[in-house]
Amino acid sequence: MYVSQPMYHQLNPLIRLKENELLTPEVFQQLIEASDFKQLEAILAGTVYGTYVDDDFANDFEKSLNQELLSTFSELAAAAPNPDLVWIYTMRYTFHNLKVLTKAYYTKNNYDNLYLPDGIYTAEELKRAVETGKSSVLPKSLLKSILEVREYMEESSIMQGIDVIYDRQFLTEQRRLADELDYPALSEEIISFIDLTNLTTALRCLEQNRTQAFMSTVLSSSGSIPKDTLMSFAEKDLPALIDFILASTYGDLLAPVFEGEEIDYARLDLLKDDYLSGLFDGAQTIAFGPLPLLAFLDNKDIEVKNLRLILVGKRSGFTKEQIKERMRMTYGL
């Protein structure tokens, strides 16, 4: 279902206004240089996050950051010609919430504090679907994922299986929705995301001596690299997979994470995020279509990640250099 570009003529001016609310490189630098939380709060007071700065901010900033994301996601989902364009980005939070709520249901615990808003589906709607296997609100494809987990839990008590099923279904749903929306830049980003996720998963599987059968359950068939190709490395060794990756389309991108057979997964995640964000680089000069919306969602999400990193880093005693090397790329950074 391709959404015509003219339908964005009212949304994209809103996106441009909200881009002006994003934290600038100068503000991020001030935050990094701040010596304590009082200085951090004083800097944030003059930004869109100022409304959350109160006496409890130092102890409760996670809740504040989540609320800012919820407000942003909800506003844009309501304004977008098709809310699925927002959900394809915030879907990662939906599946995170399904993991949390499903584990809470089967262990009889309360994990509501781990819920992350996606701006589309409420915690109550997801809880009801997890508990009953039914929903008049969730899409059929999402309900199918819940039912697969319920079927799995009837035969197993291993919680890891919940993550495996939801992670695989998340990638399947991403590709399905990208194909349905039929927007080239979006499809490129989604396929690259799935490929890089699969490559990371395959590397971890070989390091852990996982079987081909296990790899079959955790790898997605929705990317551009055939699943069978990646599974075949279960019968080989780690250097063979590394050589395959270095010779692939993603070889230049991922080369810095390999040092012999040592793999820097933290750097891999950072390079992956920056690469995917870079696919939206032209959004600031595009007046039509959904690309400005998708780029803003990406930058807002990365902004919150970076802000969370700084706040946690300051509280944990990280040096300025340690904070900087962990930060994701966003507008101007």
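What share of the 333 residues in the protein chain is buried? In this predicted model, buried residues make up 48% of the chain.

The secondary structure of the protein chain consists of 16 helices and 2 strands. Along its principal axes, the C-alpha trace spans about 55 × 50 × 45 Å. The radius of gyration is 21 Å, which agrees with the value near 20 Å that a compact globule of 333 residues would have. Of the contacts with a separation of 6 or more, 64% are between residues 24 or more positions apart.

The surface can be described by its area and its charges. The protein chain exposes about 15,900 Å², and 51% of that is supplied by carbon and sulfur atoms. Among its side chains, 32 are positive and 51 are negative. The centres of these two sets of charges lie 4 Å apart.

Inside the chain, the largest nonpolar core has 71 residues, and Leu 31 and Leu 293 have the most contacts inside it. Helix 15, residues 291-316, provides the largest share of this core, with 11 residues. Apart from this core lies another, of 27 residues, which includes Leu 219, Leu 230, Leu 241 and Val 257. What does Leu 31 touch, leaving aside residues up to four places away in sequence? Its partners are Leu 23, Leu 40, Ile 43 and Leu 44, together with Leu 307, Ile 310 and Lys 314.

Not counting residues up to four places away in sequence, Asn 198 touches Leu 219, Ser 220 and Leu 230. Leu 219 and Leu 230 are among the residues of the 27-residue core.

Leu 254 is found in helix 13, residues 251-254. Is Leu 254 buried or exposed? With a relative accessible area of 2%, Leu 254 is buried. Beyond residues up to four places away in sequence, Leu 254 touches Leu 196, Leu 199, Ile 245 and Leu 268. Its C-alpha atom is separated by 28 Å from that of Val 312, a residue 58 positions away along the chain.

Most residues other than glycine have a negative phi. Asp 182, although not a glycine, has a positive phi of about 55°. Asp 182 lies in the loop between helix 8 (160-181) and helix 9. Because its relative accessible area is 44%, Asp 182 is partly exposed. Asn 209 is not a glycine either, and its phi is positive at about 55°. The loop that holds Asn 209 lies between helix 9 and helix 10 (212-218). At 70% relative accessibility, Asn 209 counts as exposed, since that class begins over 50%.

Glu 262 is placed in strand 2, residues 262-263. Its relative accessibility is 59%, so Glu 262 counts as exposed. The C-alpha atoms of Glu 262 and Leu 238 are separated by 9.9 Å, and the two residues are 24 apart along the chain.

Thr 319 lies in the loop between helix 15 and helix 16 (320-326). With a relative accessible area of 36%, Thr 319 is partly exposed. How far apart in space are Thr 319 and Glu 21, C-alpha to C-alpha? The distance is 27 Å, for two residues that are 298 apart in sequence.

Terms used
Residues numbered from 1 in each chain as written. Predicted model: local features only at pLDDT ≥ 70, side-chain atom pairs only at ≥ 80, totals over all residues. Heavy atoms only, no water. Core = buried A, V, L, I, M, F, W, Y, C linked by side-chain atoms within 4.5 Å. Buried < 20%, exposed > 50% of the residue type's maximum accessible area, 1.4 Å probe, protein only. Helix = DSSP H or I, 4+ residues; strand = E, 2+ residues; numbered from the N terminus. Contact = heavy atoms within 4.5 Å. Rg over C-alpha atoms; globule rule 2.2 N^0.38 Å. Areas by Shrake-Rupley, 256 points an atom, 1.4 Å probe, with all protein chains shown as cover. Lys, Arg positive; Asp, Glu negative; His and termini not counted. Charge placed at Lys NZ, Arg CZ, Asp CG, Glu CD.
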